[in-house]
Amino acid sequence: ENNAERSFLCQTLSMSGKWNEANGTAVSNSGKIRQHAYSRNLGLSGNTHVVHRTADGAGFEVTSRNTVQSTPQALSVGGDLDARQEAVVTRISTLNKFSLIKDLRHHRWSIVPTAALNVNYVGLESMLRSSVPDSGNMKYLYSEASVGTIMRYVKDEFRLTFRFPLVLSHTDLKKETSTTQVRCSPSLSLLWKASDNWTFSLDGNYGMHQTPWRQLVTSYIMGNYRTTSRYVANLSDSHSTVMAAKVNFKDIMKGFFAYLHGAVSRSWSDVIYGTMIDEDAHTVMQAENVPHHDDTYSLTGNVSKGFDWKKTKIEMNANYTRNKGVALRQSVTTAYHSNTINVHGNLSASIIQALRIGYECSYMVSTSVSNDCSHTIRTLGQHANLSLSLIPNRLLANMTARHTHNSGLQGKRDYAFMDASLTYRTKKKQDFILEACNIFNTRTFVSCSDTELNRLLELYHLRPLSIMLTVRLNL
């Protein structure tokens, strides 16, 4: 940062890596199929942020993000369907935004021009060593250039903002198909501070998107055996519109805060995507020309209050969400609706100056209903925390306990966990942390969730009871 030249430059280089490995058995009509899958992800990204101002207050701002990722992955299938699938997914993307700092003003209106240039390339190379023909290679290129403006109207505590980006995009799948289009995705936001206590806000937007690359290939996520053959690519547009409103009340002197938030959204498209599982437990992506729309309604309320007595704080949150849509399963379109009710509360207080306790509880009911099925899952989660300062700013003890209940599980439905730690900080700000994890020595944990007629069971193999000493040095 150079204040004399009114310029600012920030550059960040990040490296990342991830390893996933899974073993399992798929049950099909021909018996059980043993599977082993792994994937590696290596990534490199760079961020650049440039701000330059002139003496009269004008100038420009540029942000740029460039990313390169490589994800080799393989899947081995045993038994009669002995095969090994290998695929390498390479992603290269650049996202660049430009805007002027000094806006054009007329009375209470202001206008800020903006521009952006984005490019996303995805290459997939598959090597399937079996009798299945290899036709899964893909080279996907998406690029877009946009120009637009941000218009603001400000009067006292009232602010209205319009955004009008005009986008020229080009999508190309080498040797398959390509398309070029012009689209506009306007949005608006309104903020009105009616008084010191009341604030009202309103947001709305319309968007149009093309088929994402993940829906053009079946071998990217290998939860179970998937072939790398792909259907003929069919690029289509999907549309969405969202409206949201929020009423906020706050009384800082009394420590009371509350808000009510509601949202309505609709998405529609001429093409529906789904999966089909054949008799050998192969999962194949499908795309059908079925005009459809999905609607979502959401209402959230939140209340929090702080008390001087024991520095107590209470917070309650409740949410109701309803979704109506169409799903494609086994080549059949099914209309469904789902309801979710979630109630969350927490309480914290300092019993004495050196001791603070906290308790959180959440209860959720999710229901999915279609013409031929209906199922409900109820989950309860509890979390308790105790912090004790044995020596002020020197020795701190902490204990955490958790409990979960899930009605969608067969057999064991309740799980409990407990962790504890003891932290000592020296005068040179060196930390010695002694931790005891998984005190109840729970070896497995199972969770069950429900969404869009899909019931997902996740089995976690946990690290057994462990004691670890960590030394943190502040250089």
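Let us start at a ring: Lys246 lies over the face of Tyr259, 4.4 Å from the ring centre. A charge counts as sitting over a ring if NZ of Lys or CZ of Arg is within 6 Å of the ring centre and within 35 degrees of the ring normal. Lys305 is placed over the face of Phe307, also at 4.4 Å from the ring centre. Before going on, please keep in mind that this is a predicted model, where local features need pLDDT of at least 70, side-chain atom pairs count only at pLDDT 80 or more, and totals for chains, interfaces and linings use all residues. Residues are numbered from 1 along each chain as its sequence is written, and side-chain values use heavy atoms, with hydrogens and water left out.

Now step back to the whole protein. Its secondary structure comes to 0 helices and 26 strands; helices (H or I, at least four residues) and strands (E, at least two) are DSSP runs, numbered from the N terminus. Of the 475 residues, 32% are buried, where buried means under 20% relative accessible area, exposed over 50%, and partly exposed in between (1.4 Å probe, protein chains only). Among contacts (heavy atoms within 4.5 Å) with a separation of 6 or more, 55% join residues 24 or more positions apart.

Where is the largest nonpolar core? A nonpolar core is a set of buried Ala, Val, Leu, Ile, Met, Phe, Trp, Tyr and Cys residues joined through side-chain atoms within 4.5 Å. The largest one has 10 residues in all: Val89, Val122, Leu124, Met138, Tyr140, Tyr142, Leu173, Trp213, Leu216 and Leu235. Strand E6 (109-129) and strand E7 (138-155) each supply at least two residues of this core, and E7 gives the largest share, 3 residues. A second, separate core of 6 residues includes Ile377, Tyr415, Phe445 and Cys448.

Leaving aside neighbours within four places in sequence, Tyr142 is in contact with residues including Asn118, Ser169, His170 and Arg183. Arg183 belongs to strand E9 (residues 177-184). Is Arg183 buried or exposed? With a relative accessible area of 10%, Arg183 is buried. Its side chain reaches the backbone oxygen of Met208 at 3.1 Å.

The structure holds 12 aromatic pairs, one of them formed by Trp192 and Phe200, whose ring centres are 5.6 Å apart with planes at 25 degrees, so the pair is stacked. Rings of Phe, Tyr and Trp (its six-membered ring) pair if their centres lie within 6.5 Å; planes under 30 degrees apart count as stacked, over 60 as edge-to-face and the rest as tilted. Trp192 is partly exposed at 41% relative accessible area, and Phe200 is partly exposed at 29%. Together with Trp198, Phe249 and Phe256, Trp192 and Phe200 form one aromatic cluster.

The C-alpha atoms of Ser447 and Leu457 are 5.9 Å apart, although 10 residues separate them along the chain.

Finally, turn to two loops. Lys310, in the loop between strand E16 (292-306) and strand E17 (313-329), has a phi near 55 degrees, a positive value in a residue other than glycine. Asn441, in the loop between strand E23 (431-437) and E24, has a positive phi near 55 degrees too. Lys310 is partly exposed, with a relative accessible area of 35%, and Asn441 is partly exposed, with 33%.

Note on methods: Polar contact = N/O pair within 3.5 Å; in protein donor to acceptor, adjacent residues only side chain to side chain.
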